[in-house]
Structure formats: structure tokens, C-alpha cells
Amino acid sequence: MVKELFLVVKQFLNRYLDQSQDRESEQITVEAIREGIEFKGSTIWILIFAIFIASLGLNTNSTAVIIGAMLISPLMGPIMGLGLGLGINDFELIKKSFRNLSVATIFSVLTSTLYFLISPLNEARSELLARTSPTIYDVLIALFGGLAGIVAMSTKQKGNVIPGVAIATALMPPLCTAGFGLANGNMHYFFGAFYLFFINSVFIAFATTLGVKAMKFSKKQFVDKEREKTVQRIVYSILIFTMTPSIIITYNMIRQNYFETSAFQFVNQQFNIPGTQVLSKTASFEKGQKIIKVSLIGQEIPKDSVLLIESRLPQYGLAGAKLILSQGFSQNKEIDLNSLNSMMFQDIYKDNQQQIAGLNKKVDSLQTVVSRYQQYDTIGVTISPEIKVLFPSIEDVAVTKSIFSNVETGKLDTTMLAIVRYARPMTETERLRFTEWLEARLEVKRVKIVTE
């Protein structure tokens, strides 16, 4: 029974996951990747213009502009070429891909540096700051993005996967941010952004290598077996050399992420005290020591209570971590003013944004009401030429919206009034026809005619 179930599941998975059904020939896939490697002539100019567009997007904090630049960018080509070369033991392809990637990187950083040197906007906005601190999620995005890219390149219907991978992995914005760091002399931004670009490039290439090996692409064969062994040693050395720092980086990211998650959970649960509010919290490694910094405002927590809270750190997997607590505004207390100001300004900004959104809704509603009443003021002028042709006995007309209140019940009733002055009295038939025409013309259910 178990064996039959296993066979059914296997057939089901083969039916839906078997890529060989729409697999492109290996030769066409390899040639397609090779064609995207070269950076010279028009490709370099496209890259330069795309860098300018991405820099403008980062400078103006426009996500749409940044996405457009990533769609234009040809940076994916040499990175996938590098992964392909590693996967099929093609040392010449590896050298060519690495050379072109280096050229593209240099042109990208120089172009963005030039832009930010002449740009009057020197403020680091959120879209730019987001590219200075890589996380474990960036590693996973690059890895799965690279896998999606090589699978798409090896199928007949490639669709829009490659542009999607370029957007998701965000290769270009980090290079622009690195240029911003150089232009402003901020090496923290430069190395942080370049670090993110390195991670993306390495894991896209590594994913391509995994895909190539999984799909069993033909490896390059050498007549000279000794040369083949030498090339293979060089290829695997490059792969290990490239992957080793990425593995260390990823390990440190996972460690930092786990520490932050545990630390923030500890702060949220242990400092949930009535009369006291957490203004800011940070978790970091400083010289190998786990440091948790918390800034509080409101009622001060007694020292014995702080010691009790600190004793609970091991319960959250934070044994050995140091808790640095800042409370109140006393002059003899150490307070992270930058964090305090940042949190306060964020709260003020959010409150203001909510108030502005509410006021905008009210303004829109009032403008709609005003426009309706303005329409009533001018509608008499609008329909006068038609009335003159259809009902020549009418000299003047005024249309207004009135609210009647029942004296006994207090019930309100909105009615459209038409005040009419005649040159000669209208018959009852003409009056009825005029009323029906007016209701149709004004698109209302009922019009009350008042004769002056």
C-alpha cells in the first residue's frame, strides 16, 4: 500500500515538475548566456544610462524609476556567465565573464559617483539607505532569483523571468549607492552597498552553477588530460574562494538575525510595563560581546526590577548578553539622543501623515459638495437656450436645491425647486410636459415648480 502511494506521488511530481517537457537545447541555452556577457559599445552605453536612471530614482526616492532602471540594466549577463563557466569547467568563459563584470562594475560606480557629485540633492533617502545593510533575506533572494534565472534560460518559453530576477535581486541600486558613498566621502555606505552587490553576484552565480550541474550540462573536454585537471583545480579553487566569504557572511547574518529576533522578543515582553514606553531598541555585536540597548521613557523602573528582568535573559537564549538601559531624561543618565530623536520624529511624521490623509479626504468631500452647489447656481444659464426653444412662454428660470422640514414630524425632505416667471400663463398640459422635461434634464426624481 505504501509502495503504491509512493509511486502515485512520484508520478504526480514527475508530471508537474519535469522540466524536460519544455527544455531548450543545451547549446542554445549556453549561447544565449554567452551573448549577454560582453560589455562593449552599445551595451556599455545602455548600462551608463541605466545607472543614471537608477541614481535619479535613489536621489528622488522613486521606486518606480529604480525598477525601470533595473529592467534596462544588462548586469545579469556576466554573472550568469560566471556561474555557467564554473558549472561546465570552462575557464575561458570564467575569465571573460569576470573581466566583463569588473568592467561593468567600474563603469557603474564611476557613473553613479559622477552623478552624485553634481547632484544638488545629497540627502540619503530610504531607498538609498535600504542598500547599505544586507540581511540574510538578500542572500535568499539572490539564491532563489539565480535558480529562477537559469531555469528560465534553459526553457523555450523564457517569458519575463530574467527581468523579474534583475528587479528582485536589485544588482544596480547597490552600485549606485556605492557611488553615493564615494561622492559624499561616506565609506560606510560604499562598503555596505558594495557588500550587498557582492552577495547578490556570488549567490546568483552559485545558483546558476547549481542549476547547470543539476541539469547535467556537458562539461568542457580537453585533449590534454593534465590541462583538464589543472583547469578543474582552478575552477574549483575559484568556486571555493568565492563561496567561502559568502558562507561566513551568511553565517554571521543568520547569527545576527537570530540574536536580534530573540533580543526584540525579550524587550517586547519584559518591558511591557504600564507607565513605561520603549522608545528604541538595538541588538548588536560589539567586539564579540552581545549588546542589547534599550531606551525608555515614562515611569522609571527600580534597580532591583531591572536586575530581575536581566536575570531572565537566558530564558530567551541570550545568556552572556549585556543589557544597557537608558531611562528618563536625567542629566546623569546616558541616553542615545539620536535614537530618541529618530523615534520621536518617526511618530510625529506618522501622526502628521494620518492627519493630512484625513484632512485630504474632508477637502475632497467638501469640494464635491461645493461643486454640486456651483452646478445648481449655473444650471439655469445652461438650460436657458433649450427652454427658449422648447417652452417659449417662459421668460426666467432659477433652479435650486431646498430642504423642507415637516413641522409635525421633523422629517427632512430634499427637493429640487424650479422658480419660473412666464410671459404668458402655461396650460396644465404644458406645465406637466415642462416638469417631466426638467426632471429628465436635471436627472432628478422630482422637481417642484414655483410660479412667480
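Start by selecting K287, in the loop between β1 (276-286) and β2 (289-298); strands here are DSSP runs of E with at least two residues, helices are runs of H or I with at least four, and both are numbered from the N terminus. You're looking at a predicted model, where local features need pLDDT of at least 70 and side-chain atom pairs count only at pLDDT 80 or more, while totals for chains, interfaces and linings use all residues. Residues are numbered from 1 along each chain as its sequence is written, and side-chain values use heavy atoms, leaving out hydrogens and water.

Is K287 buried or exposed? Its relative accessible area is 91%, so K287 is exposed; that word means over 50%, buried means under 20%, and partly exposed is in between (1.4 Å probe, protein chains only). Check its backbone too: K287 isn't a glycine, yet its phi is positive, about 55 degrees. Most residues other than glycine have a negative phi.

Next, jump to K216, in the loop between α11 and α12 (225-270). Here's another non-glycine with a positive phi of about 55 degrees. K216 is exposed as well, at 70% relative accessible area.

Now for some rings. A search of the whole structure turns up 14 aromatic pairs; rings of Phe, Tyr and Trp (its six-membered ring) pair if their centres lie within 6.5 Å, and planes under 30 degrees apart count as stacked, over 60 as edge-to-face and the rest as tilted. Select F52 and Y115: the centres are 6.4 Å apart and the planes sit at 80 degrees, so this pair is edge-to-face. Why does this pair tie together parts that are 63 residues apart in sequence? Because F52 lies in helix α3 (residues 42-60) and Y115 in helix α6 (residues 91-118). F52 is partly exposed at 26% relative accessibility, and Y115 is buried at 11%.

Hop over to F190 and F194, a stacked pair with 5.8 Å centre to centre and 25 degrees between the planes. Both are in helix α11 (residues 187-214), 4 residues apart, about one turn of the helix. F190 is buried at 15% relative accessibility, while F194 is partly exposed at 32%.

Last stop: charges over rings, meaning NZ of Lys or CZ of Arg within 6 Å of the ring centre and within 35 degrees of the ring normal.

- R255 has its charged end over the ring of F285, 4.1 Å from the centre.
- K281 lies over the face of F264, 5.3 Å from the ring centre.
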